[in-house]
Amino acid sequence: MPPIISIQNLSKTYDNGFSALKDVSIDIEKGEIVALLGPNGAGKTTLISIVCGVVNPSGGTVLVGGHDVVKEFRKTRAVIGLVPQELTTDQFETVFNTVTFSRGLHGKRADPAYIEDLLKSLSLWDKRDSALRELSGGMKRRVLIAKALSHQPDILFLDEPTAGVDVALRKDMWRLVGELRRTGVTIILTTHYIEEAQEIADRIGIINKGELLLIEQKDALMHKLGRKQMVLELAEPIDGVPEALSAYHLNLSEDRSQLIFEYDQETNHGGVAGLLAAVEAAGVRFLDISTSQTSLEDIFVSLIGEKA
């Protein structure tokens with residue numbers, strides 16, 4: 001089955017010469033949840049805007065469901081829902097009416113029962129007759145999500161959907177994302193909350209300065225780039241790492257009371273079991289062992305730092 005979104009060699013350069021995207025290529029499968037991480041100005045919003053038909057690319061192609069987003073805009077936009085960063089709503093319209101109107105804009109027949117279910121899922125039903133200007137920022141964000149889902153899209157873009165909102169909305173959002181996944185909706189989100197990307201995404205992409213540094217299955221990314229560390233608490237300080245342990249490239253702590261072993265799944269010199277046997281054979285006694293693993297945030301910071 002072809003990908004539901006195919007982005008090939010995409011670039012965007014603005015009139016002032018700023019290059020927002022540089023030769024970006026991604027294929028996204030139906031039903032996937034893809035998280036895009038990157039600092040402000042990295043190109044995440046530009047990428048989303050091009051796929052949604054809001055911004056025209058300078059080069060490359062974007063296909064949504066096999067249709068070109070520039071040449072067949074109406075077909076591609078009909079299957080996409082977008083939750084933008086900005087709170088752009090008609091401040092004097094009611095919640096129910098504004099969500100219903102959004103559904104009509106996409107050529108869908110009125111369906112009050114569906115709108116009712118949607119508002120209830122976002123804890124908005126009690127506010128259905130309230131004007132948008134009367135709502136809190138968090139409630140307005142919920143309305144944007146409801147508008148994006150009003151026409152029952154196959155693809156949902158969430159551009160920093162939980163930035164600056166309360167914990168309750170964030171939990172509601174991720175619960176809703178889980179429900180949408182089960183119905184086959186494809187979800188692409190940008191976020192600054194790395195722990196949320198790690199929790200919910202199938203694949204994670206990292207963008208910096210308009211370049212896609214990588215896009216990997218979450219588990220494969222952690223396996224490939226996530227380093228582990230094991231610390232041996234020594235029974236007594238030692239003067240240096242024994243020559244017999246040199247193959248493990250151990251580090252000795254400043255107070256000489258710990259041996260530190262860093263390794264990954266690809267090059268671990270026989271692994272932890274081999275190291276412990278070698279330590280025992282070298283006559284080094286230890287009292288305790290502790291382990292830790294690189295987090296997605298560590299990987300993100302490392303990659304952004306390398307490309308700075």
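1. Is Phe-96 buried, partly exposed or exposed? Phe-96 counts as partly exposed, because its relative accessibility is 21% and the buried class requires a value under 20%. The structure under review is a predicted model, and the remarks below should be read on that basis.

2. On overall architecture, the protein chain holds ten helices and 14 strands. Its radius of gyration is 25 Å, well over the 19 Å given by the globule rule for 308 residues, so the chain is more spread out than a compact globule. The C-alpha trace spans about 80 × 45 × 40 Å along its principal axes.

3. On burial and surface, 45% of the 308 residues count as buried. The chain exposes about 15,500 Å², and carbon and sulfur atoms supply 49% of that area. As for contacts between residues at least 6 apart in sequence, 69% join residues at least 24 apart.

4. The count of aromatic pairs comes to two. One of them is formed by Phe-96 and Trp-125, in an edge-to-face arrangement with 6.4 Å centre to centre and 70° between the planes. This pair links distant parts of the chain: Phe-96 belongs to helix H3 (residues 95-105), while Trp-125 lies in the loop between helix H4 (112-121) and helix H5 (137-149), 29 residues apart.

5. Tyr-248 and Phe-261 also form an edge-to-face aromatic pair, with 5.9 Å centre to centre and 80° between the planes. Here too distant parts of the chain are linked, 13 residues apart: Tyr-248 is in the loop between strand S11 (228-234) and strand S12 (251-252), and Phe-261 is in strand S13 (residues 258-263). Both Tyr-248 and Phe-261 are buried.

6. Which residue does Lys-120 meet in a salt bridge? The partner is Glu-116, with 2.7 Å from N to O. Glu-116 and Lys-120 are separated by about one helical turn, because they are four residues apart in helix H4. Glu-116 counts as partly exposed at 25% relative accessibility, and Lys-120 likewise counts as partly exposed at 44%.

7. A search of the whole structure finds six salt bridges. In general, side chains of opposite charge can pair when their charged atoms come close. Among the six is the bridge between the side chains of Glu-179 and Arg-175 (3.2 Å, N to O). These residues are four apart in helix H6 (residues 167-182), so about one helical turn separates them. Glu-179 is partly exposed, with a relative accessible area of 31%, and Arg-175 is partly exposed, with 35%.

8. Arg-181 forms a salt bridge with Asp-202, the closest N and O atoms being 2.9 Å apart. Because Arg-181 lies in helix H6 and Asp-202 in the loop between helix H7 (194-200) and strand S9 (203-208), the pair ties together parts that are 21 residues apart in sequence. Arg-181 is partly exposed, with a relative accessible area of 31%, and Asp-202 counts as partly exposed at 24% relative accessibility.

Notes. Residues are numbered from 1 along each chain as its sequence is written. Side-chain values use heavy atoms; hydrogens and water are left out. Rings of Phe, Tyr and Trp (its six-membered ring) pair if their centres lie within 6.5 Å; planes under 30 degrees apart count as stacked, over 60 as edge-to-face and the rest as tilted. Helices (H or I, at least four residues) and strands (E, at least two) are DSSP runs, numbered from the N terminus. Buried means under 20% relative accessible area, exposed over 50%, partly exposed in between (1.4 Å probe, protein chains only). A salt bridge is a side-chain nitrogen of Lys or Arg within 4 Å of a carboxyl oxygen of Asp or Glu. The radius of gyration is taken over C-alpha atoms; the globule rule is 2.2 Å times the number of residues to the power 0.38. Contact means heavy atoms within 4.5 Å. Accessible areas come from the Shrake-Rupley method with a 1.4 Å probe; for residues, only the protein chains shown count as cover.
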